[in-house]
Amino acid sequence: MNFSRYKREISAAGAFVAILIVLAIVAPSFFSAGNLRDLLINNAPTLLIAVGMTMVILVGEIDISVGSQFAVCSIAAGFLAKTGMPMPVLFLSIFLVGAMMGSLNGVLVGWLRLPSIIVTLAMLVLWRDALRWLTEGAWVQNLPENFQWFGLSQSGGELTIVAITLTIFVAFAWTLRNLVAGRKIYAVGSDAEAARLAGISGPTVVLSVFALMGALTGIAALMNAVRFSEIPGNSGVGLELKAIAAVVVGGAAITGGRGTLVGTLIGVALLGTIGTALTFLGINPFWEKAIQGAIILIALVSDVALGRLEKNGRSNIAGAAA
Amino acid sequence: MEEVISPERPLSTEQSLRERLFPNNEWILLIVLIAECLIFSVTGSNFATSGNAFEITRLAVEIGLLALVMTPIIITGGIDLSVGSMMGLSAVVMGSLWRDGGVSMPVAIAITLFVGLAGGALNAAMITKLKAPPLIVTLGTFSLFRGIAEGLTRGIENYSGFSPTFLSLGQGYVFGFIPTQLFIFVPAIIAVWWWLHRTAFGRSFYAVGFSQEGSRYAGIKVRRRLNFVYCLSGLTAALAAVIYVAHLGQAKSDAGTGYELTAITAVVLGGASIFGGRGTVLGTVLGLFAIVILQNGLRLSGQPAELAGILTGVLLVVTILLDRLSRASVAKPKAASEEEFEVKNWQVGVLSGVIVAAALIVAGSNWLLVRSIKEERGSAAPTAAANTNSPAPGKKSVIAMMPKAKGDPYFISCRKGAEEAAKELGAELLWDGPTDLDPAKQNEVVEAWITRGVDVIAVSVENKEGISTVLRKAKEKGIKVVTWDADAEKDARDFLINQATPQGIGETLMDETARIMGGKGEFAIITASLSAANQNEWIKHIKQRLESKYPEMKLVTIQPSDGDRDRAFQETQNVLKVYPNVKVVMGIAAPAVPGIAEAVKQANRSDVKVTGLSLPNMCKPYIKAGIIDSIVLWNTGDLGFLTVFTANSLANGTFKPGDKSVKAGRLGEIEVVGDEVRLGKPFIFNKENVDQFDF
């Protein structure tokens, strides 16, 4: 195993472990089974979105519209559930609704070559305001009995959410690493021109990645919605930044071509734990945002520091020690 | 996100006038702008007046300054997401220096500008020294700056009471009609224009944007250029914050939330390329006004404000698309090896298919959704009030009513009652307000109503100091002003429709909690956002009541929910584990209470009860299940109903100051004490009575 390849992931993991050690000493109750289970369930939707975001970032693009897409999918899920649609069909429908919105981004970015940050900025505003206009912020209430926890018991539902999330995560992680489809994403992100010459259609890869991003957002919205018996009209605000931050903290390069889903998992775990950790440590919640910002910046600094060491090590072995 | 950039145009010496004036197809925007002005002069009341023109520019100044400096940043191929957060940090720094530090205003401003510069320098250092991507660096400082602002003020501090001289910077007029801040904004536009387009130093930023490596070889000090723009950006954000504070009359940590995205939208709409090397100051200014006029015009035409967001999004995609296509058609015959831009036939086919399908699905699902929601509401007709002309005075009174936030379920339920009353009275009701948490938006809406000309303005006030200035202005213009739900300064309004005082709410909440707990034990509070003014006021009274009446009870923690149900859920899970002795969790934001209840339910903590301030409908299942013991609220529909009735009576003169009561339709005679119309005491909803209410 070549550890130097996973340097960034290892440094993020180091930070995570450090937090866990502090927690183990100061607030051992953090590691109660109940708390770990809650953390897992609460961060499952974020993880799904971060998986999609990792691929988007790997091809060198970005998607800041996922928070608004999430809100649209949540409301759509509630509405579809009220028509009495069985759960598996609902799952598929939301997958398609999300994929549809993602494909719209993908077409504009991949085929028409528009800059992703602008396209998704437009969609961020567009979907959110369209939803507000139509629903006027109303909640979807009186959902059918079989909606919450997929009609199972609470623990059964929780298990299903975790199982679905982990299956998706493992499938994508394995595909990215081992299958042609996954390697194409890295190829396009590393050097679009070289990929083209190698016979990879960049636009199609970008389109598929955005479509998957949307579909994963849809599933994430559903995984989030089934935990409750009502669906609020304005969810997912700021979710895009959370996902991007997790991916970057997990070691992916925003310029594309570098990053792994294992890193993303660590990033989600790190940022998803901070809020809860602060409460357990008794630190005032006012500082939460500042700490999150600091973590992103520290990840950047460590990234650069590690990068420098590597460069020095290659050109001048003596210099690396200094 | 790299892209090969083709030469802008053939290197011929002759350029048409169009190309010289609008190198990036800014003329599209000019046409949009003219179209907007034409349409809104017909549909909007008093849109095409000089007064409105000046108001629009006043509202554009803060975002305009940010956009102006964002232009050179985007030209170098960078981005700065931290400017909005920097405004928040600068505002609280200035406020605290002035109020708590005992520093004079000019010195406070100077230090604030320095803080802005320092923040910009932090961005610059990370970007140039560490060679980190600007997007990520400023994403980090976006959280960091806002976080520091919230941490410093504990979210609670709201600095106000600034001197009139300072406030005139943001609210005053020079020569009686030109807003003061234009004397900063217009020179700033000219200066940046001169700098970018007429100096070698400015032109060098384009070179940096085209190719950093190339410009370095050409002897341009790239790092120095980048340091310069990011520092300038921080400084400008601080300046924008100073103007913002003077404009609103208050400094809080939430200043400038979301401004970075509007600023970037303006710049990109103005033809700047996000990859760098392209963009003009003229384009940015046009882009800025295209957005601001759209918002203002829709408001004056009585159209829903959400349309502005939808149209801006569409406009953004269409302009870059047109730009893309026109560039592609120029570039193609020139160089065959040029980055290929072939859209194959089958792709076009699939493309159109997908777009049509997506549009159909979205339209279809939305239509169904709207229908189902409307049915649920018992077909309460929405009055978007698409008026055509200025209302004939004396016939039908126009009542403009503003909630704190349009999407909040609490206000949605108020609206129902207001619409019912308006229908009964035959009055025209304009219902508009902020969609986002942005204190500046309320002022903007009132300004638009003054311009439009309405009979009564009824406001649920978010920021007391900030909005009072515009309300006074409305009164001067002969518009009756009432406040409802939350009050402004007393002299800025005629009447307050008072459903409950903050003290009444705080004490009722505390008494309920004490009743449930039997007067002893630990409890926790989940609030809205940490900087929410109302909630902080209630918490103050809750704490006072706790100290004076319930010595055996202890408030262990206050956690934020940001008005988000899911966040409230998560925070409650944490609270239950960290503070296992908590017996009651009190939620003081409507969406938070169901989130808390769900968390308690899922944790199987039947020993913990929930109470708080919320709406009966969203809490009903939990109240019936016995998880929520009780919630405190008034009849929100009646509040809206009473407000419209009072406003209407004020407008037609049947109700005036000094009267002891006001007639309010089905509510009967309502008591008036001094300048307060009193709806009655807060009501407690519980298992027994919750079924009688539907809101």
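At what angle do the axes of helix α3 (residues 50-75) of chain B and helix α8 (residues 182-198) of chain B cross? They cross at roughly 25 degrees and come within 9 Å, with axes being lines fitted to C-alpha atoms over the stretch in contact and angles running from 0 to 180 degrees between N-to-C directions. So α3(B) is roughly parallel to α8(B), a label for angles under 35 degrees.

This is a predicted model, where local features need pLDDT of at least 70, side-chain atom pairs count only at pLDDT 80 or more, and totals for chains, interfaces and linings use all residues. Residues are numbered from 1 along each chain as its sequence is written, chains are lettered from A in the order written, and side-chain values use heavy atoms, leaving out hydrogens and water.

**The α3/α8 pair in chain B**
- The contact (heavy atoms within 4.5 Å) involves residues including Phe54(B), Leu65(B) and Ile75(B) of α3(B), and Phe185(B), Val192(B) and Trp195(B) of α8(B).
- Its residues split into 14 nonpolar, three polar and no charged; Ala, Val, Leu, Ile, Met, Phe, Trp, Tyr, Cys and Pro count as nonpolar, Asp, Glu, Lys and Arg as charged, and the others, Gly among them, as polar.

**Helix α22 in chain B**
- Helix α22 (residues 592-602) of chain B is largely enclosed by the rest of the structure, because 10 of its 11 residues are buried (under 20% relative accessible area, 1.4 Å probe, protein chains only).
- Glu598(B) and Gln602(B) are among the buried ones.
- Just after α22(B), Asn604(B) takes a positive phi of about 55 degrees.

**Where chains A and B meet**
- 75 residues of chain A touch 92 residues of chain B.

Technical notes: Helices (H or I, at least four residues) and strands (E, at least two) are DSSP runs, numbered from the N terminus. Angles under 35 degrees count as roughly parallel, over 145 as roughly antiparallel, 65 to 115 as roughly perpendicular and the rest as oblique. Buried means under 20% relative accessible area, exposed over 50%, partly exposed in between (1.4 Å probe, protein chains only).
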